[in-house]
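This briefing walks through one protein chain topic by topic, and it is meant to be read with the model open beside the text. Please look at the sequence and the structure first, and then follow the points below.

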Amino acid sequence: MAVLIWIILLVLVNTDKGSSVMLRKRCMLGFCVSFPEEEIKAEAGLCVVIPCSFSTSSSFTPQNMVWFKCDASKSKCAESDIIFHPNRRKVQDGFRKRVSLLEPDLRLENCSIIVNDLTESDSGSYQLRLNGLNYYGNQEGFTFPVRAFVSAKALSQKPTVTVPPLTEGQQGSLTCTAPGLCSGSDPKITWTWTEGGKEEFRFTGNISVEKMTEVTRKMSSTLTFNSLAESHDANVTCAVRYRNNITTLETVTLNVTYVKEIEVSGALIIREGETLNLTCSLDSFPPSVLTWTKSPETTETFLQINSSDFYGSDNNSRSFQQEQRDGMASFSLSNVTAEDSGQYICTAKHLNTTLMERVDIKVIYMRSLVMSDDRTVEEGNSLNLTCWVESYPLSRIRWTKLGSSAELNYEVSTDQENNKMSALLLIPDVTTEDSGRYICEAAFLETSVSSYTDIMVTIFPRILKSSGCKLGSKVLTCVCVSQGIPLPSIKWRRLGNHTEYTVITTVSKNTINSTFSLSANDKSNPAVECVSSNSNGEIKETLITTEITTPEVPVIIDPISKGISWPEVTIAFLIGVILSAAICYLFSRNLKNYGNRNEPLEMVASQGDPLIYAGLPEEKNHTCYQKADGEGGGGLEANEVDLDAGLTDVEYANIDFSVLKRNTPRNGSKTQQSMETEYSEIMKKEKEGRKENAKVEGKMTEGNKEEMVENEELKQAFSEEERGDNTEVYSNVKDIMNDI
């Protein structure tokens, strides 16, 4: 009886649209099995039950059963085709934990199996084998030749989503039920909420399982939310995903009953002569009906806007147009005047509710921006700038400085009676950094106007402390450095009787540097005055002259501090005297010999050969010569240059080589013989002097010995000079030029 109940349940599970599954019993060698006659249909992602019952002879005791799935062309399935076995290691990997017995107790002769988490590849033939003990207690098995056939198709069933009526402000719930009544593993149900084509959120809902029978169950998920106006027309999708990524989904559109506030768009403040455009809209479901009315200033009743009530017949230059449709009403009025100001009302009817929205229309104007016209201010004074504008409504006004991000300190005042707004900019004790362009900007509704003025902070000329005069090497040099805005000019005054001087001028930003130089051969140096001036005024200063002297510091050498004894100094002094006398004697004899053998050379001055000149080269681009205008000196502009002054007198030197006599070999030999005899006498005298001072020489320091060596070198030089008398004439000329 229990077997029949299980079979009935299995038949109900595998029904498709109410169709029934009939079982057919087949027997062979005392073994009988019952399988469905027709192919069992199922869908991927769900489950399938293969109903089965068996019977055996009394001599066979069943112990376990094995199920195979193999190709229908095979007469017998192999070990590799096992999908269910008591030893799970022998089961194919793709069927492990997916196939189970509907009734584990074999004594009930129920061989039905459930295959969960179907895929399309599970389609095919299924075969049963019984294993047990025979009459003799030996292991024996029997494979039924009859097979069951399963066809698994793609999942076509969709979830079922229930949507209750939704009202703004109330809680709503959506329920999604997964398809199928059996599944080996619970599916995953995901909710997706989309508004205006944009996904707002996605989350996985909790699964609730409702058991229907022993082998059937229903799985669902519930989404609870607060109904909002924004939820209207939202798309909610319920997706059910089974194992092997098999997914089915269902999407519903929400209808939420709601009504929002009336919205009025358009310019509420317009200028005279423009067109007034107003639009009234109301977002609601179901849509509302809207109308425009105008409230007269003299009555409390509201009149609906139309051309006959709102305008007189004599006003032909104005036009009126009104448009109404679901959820919106608009009208336009051209060439408005000040009389069109007033209160306009939009009325909306939604179901049993009436809504109204009032707006005030103002006709406005704006006058030109006016500001003070100060242009310059002297450094140290206060800068006062005022800017004002007349408008309705009042404008927002502010001061800014071009190129500066710093906030300016200005005071804003309001004149409600005259519709004026003004801003006073005050900067005390201005400096040159305050120069620049100051902009007054007035923001009026969505527009802005601006005006500017350029302020220049001027500086009175001043002569810096670095200015002054210095007298050195008979040249007077004066420097005058001045600053000012605008850039000042420098003049030199009180130059005395000097007519020639130089002026060098350099400019750096707002500073001018003028350098004045003149020759000061006499002792009367002029008092120099520097005059600096610009458009602000003039300043002058007599520069102080500082005399630069380079005193000669005598060098006193103390021989004792050098570690030299007085006897050593005395001996060295005597030797020097003897050597000096000898040199002077030889030099005087040489001069006589030269006078006898050669005629003297003459240096002839000639103005015809301009070889060199005594003057210095003229400095280009910097130096100019100027002559004083009148007695007592004159003035000189720093940027004026006098190029008319010429070079001073120069002196030339010329050598006349024609008067030079050639030295003959004969005369040369005579001179050489006479010089050698005199030199021998000098050498004899020096030897006698050395013998007398032999004792002193042992005490001489290393410095004295060096002095003796130098004297020896001088003697050799005179000897070589005697032997060089027979050289060519140009050698004598060369020596003479060197002496010159």
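Is Glu210 buried, partly exposed or exposed? Glu210 is partly exposed, with a relative accessible area of 43%, and the model from which this value is computed is a predicted one.

**Salt bridges**

- Glu210 forms a salt bridge with Lys218, in which the distance from nitrogen to oxygen is 3.4 Å; Lys218 is also partly exposed, at 31% relative accessibility.
- In general, side chains of opposite charge can pair when their charged atoms come close.
- Another salt bridge joins the side chains of Glu230 and Lys260, again described by an N to O distance of 3.4 Å.
- This pair links distant parts of the chain, since Glu230 sits in the loop between strand S18 (217-226) and strand S19 (235-242), while Lys260 sits in the loop between strand S21 (256-259) and strand S22 (263-265), 30 residues apart.
- Glu230 is partly exposed, with a relative accessible area of 43%, and Lys260 is partly exposed too, with a value of 31%.
- Through salt bridges that share partners, Glu230, Lys260 and Asp283 are joined into one network.
- Asp105 and Arg107 meet in a salt bridge as well, with 3.1 Å from N to O; Asp105 is partly exposed at 26% relative accessible area, whereas Arg107 counts as exposed at 75%.
- The count of salt bridges comes to 13.

**Nonpolar cores**

- The largest nonpolar core has 35 residues, and those that touch the most other members are Phe35, Ile50, Met65, Trp67, Leu128 and Phe144.
- Several strands each supply at least two residues of this core, including strand S2 (31-36), strand S6 (61-70), strand S10 (124-133) and strand S11 (139-153).
- In soluble globular proteins, nonpolar side chains tend to be buried together.

**An open sheet**

- Three strands form an open sheet in the order S1-S2-S5, and their pairing is antiparallel.
- Strand S1 (23-28) and strand S5 (53-55) are the edge strands, each pairing on one side only.
- Neighbouring strands of this sheet are turned by 20° against each other on average, with direction ignored.
- S2 and S5 pair in the antiparallel sense over 3 bridges, and Cys32 stands opposite Ser55 in S5.

**A loop residue**

- Thr337 is found in the loop between strand S29 (328-333) and strand S30 (342-350), where Thr337 is partly exposed, with a relative accessible area of 28%.
- Although Thr337 and Arg271 are 66 residues apart along the chain, their C-alpha atoms are separated by 8.3 Å.

**An annotated segment**

- According to the unreviewed UniProt entry, residues 569-587 carry the annotation "transmembrane region".
- In the predicted model, this span is 100% helix and 0% strand, and the C-alpha atoms at the ends of residues 569-587 lie 27 Å apart.

Definitions and conventions
Residues numbered from 1 in each chain as written. Predicted model: local features only at pLDDT ≥ 70, side-chain atom pairs only at ≥ 80, totals over all residues. Heavy atoms only, no water. UniProt positions renumbered as here; feature names shortened; annotations may be inferred. Helix = DSSP H or I, 4+ residues; strand = E, 2+ residues; numbered from the N terminus. Core = buried A, V, L, I, M, F, W, Y, C linked by side-chain atoms within 4.5 Å. Buried < 20%, exposed > 50% of the residue type's maximum accessible area, 1.4 Å probe, protein only. Salt bridge = Lys/Arg side-chain N within 4 Å of Asp/Glu carboxyl O. Pairing = 2+ DSSP bridges. Axes fitted to C-alpha atoms, helices over the stretch in contact; angles between N-to-C directions.
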